[in-house]
Amino acid sequence: MTGPARTSALRRSAVFLDRDGTLTEPRHYPCRPEDLVLQAGIGPPLRALQRYGFALIVVTNQSGLARGLVAEAAIAPMHRRLRELLGRDQVRLDGIYLCPHHPDGVVPQLSIACSCRKPAPGMLHQAAADLDRDLSSSWMVGDSVCDIDAGHRAGTRTALVGPQSLAAVVPTLYRTTTAQALTAIAAREIPGSPVRRPR
């Protein structure tokens, strides 16, 4: 394949990222900007993937909205904070997609069964359509069964992160930390990847 065609094809790929517990440190229903703390070491591999043409897209279940634990007005400041933190590493998010629903919620308009709450693939499908991304050449990175199932249903490759693998799912790759998973993805996707492997 020629250089320009290869570049064009690569630019249609994406890395979909769960937020809480994957992109950021786990918190129980975070509701303030200061609750969002980036996982260690994720800047260099995210930056390398973005520079190579991958879109970086957050897809996050936020059932705290349906449960009345998080105010809708809190979301925009939190995501501004997330973008600011990543910007310090010269990383730019191409999109943030959020599902506010849960069938057992207490906010009537949000207490529904939907097609966007992971493990349903609705957010990934919507983002791929909005940003013209090829799901089959993309990755879903997350720390839970629902993240990996969403990736499988959408047709992406998948990376599970966490202290131990989960018997309920078979991801494309498993690593203990998000930084390790992103570095492994970069090593697979970027020829001669310069990203240093986290220890």
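Tutor: Within β3, Leu98 is the residue that forms a bridge with Thr60. Another such position is Gly95 in β3, which stands opposite Ile57. Strand β2 covers residues 55-61 and is joined to β3 by five bridges, the two strands running parallel. Two strands count as paired when DSSP finds at least two bridges between them. Helices (H or I, at least four residues) and strands (E, at least two) are DSSP runs numbered from the N terminus.

The model is a predicted one, in which local features need pLDDT of at least 70 and side-chain atom pairs count only at pLDDT 80 or more, whereas totals for chains, interfaces and linings use all residues. Residues are numbered from 1 along each chain as its sequence is written, and side-chain values use heavy atoms, with hydrogens and water left out.

The two strands belong to an open sheet of six strands, ordered β3-β2-β1-β4-β5-β6 with parallel pairing. Its edges are β3 (95-99) and β6 (173-175), each of which pairs on one side only. From one strand to the next, the twist averages 20°. Helix α4, residues 75-87, packs on this sheet and touches β2 and β3; its direction makes about 145° with that of β3. Such angles run from 0 to 180 degrees between N-to-C directions, the axes being lines fitted to C-alpha atoms, for helices over the stretch in contact. Contact itself means heavy atoms within 4.5 Å.

Buried denotes under 20% relative accessible area, exposed over 50%, and partly exposed the range in between (1.4 Å probe, protein chains only).

Cys99 has a relative accessible area of 0%, so it is classed as buried. A disulfide is a pair of cysteine sulfur atoms within 2.5 Å, and by this rule the count comes to zero. Cys99 is in no disulfide, as the nearest cysteine sulfur, in Cys116, is 3.3 Å away. The sulfur of Cys114 also has that of Cys116 as its closest cysteine sulfur, but at 3.5 Å the two are too far apart for a bond. Cys114 is partly exposed, because its relative accessibility is 26%.

Just after α5, Asp132 adopts a positive phi of about 55°.

Two further residues extend the picture. Gln50 is placed in helix α2, residues 43-51, and counts as buried because its relative accessible area is 14%. Beyond neighbours within four places in sequence, Gln50 is in contact with Leu56, Gln90, Val91, Arg92 and Asp94. Gln50 and Gly87, 37 residues apart in sequence, lie 12 Å apart from C-alpha to C-alpha. Thr158 lies in strand β5, residues 157-161, and is buried, with a relative accessible area of 0%. Its contacts, not counting residues up to four places away in sequence, include Trp139, Met140, Ile148 and Leu173. The C-alpha atoms of Thr158 and Ile148 are separated by 6.0 Å, although the residues are 10 apart along the chain.

The whole chain provides the setting, with seven helices and six strands. From the N terminus, these elements follow the pattern α-β-α-β-α-α-β-α-β-α-β-β-α. Buried residues account for 50% of the 199 residues. Among contacts between residues at least 6 apart in sequence, 61% join residues at least 24 apart. Along its principal axes, the C-alpha trace spans about 55 × 35 × 30 Å.
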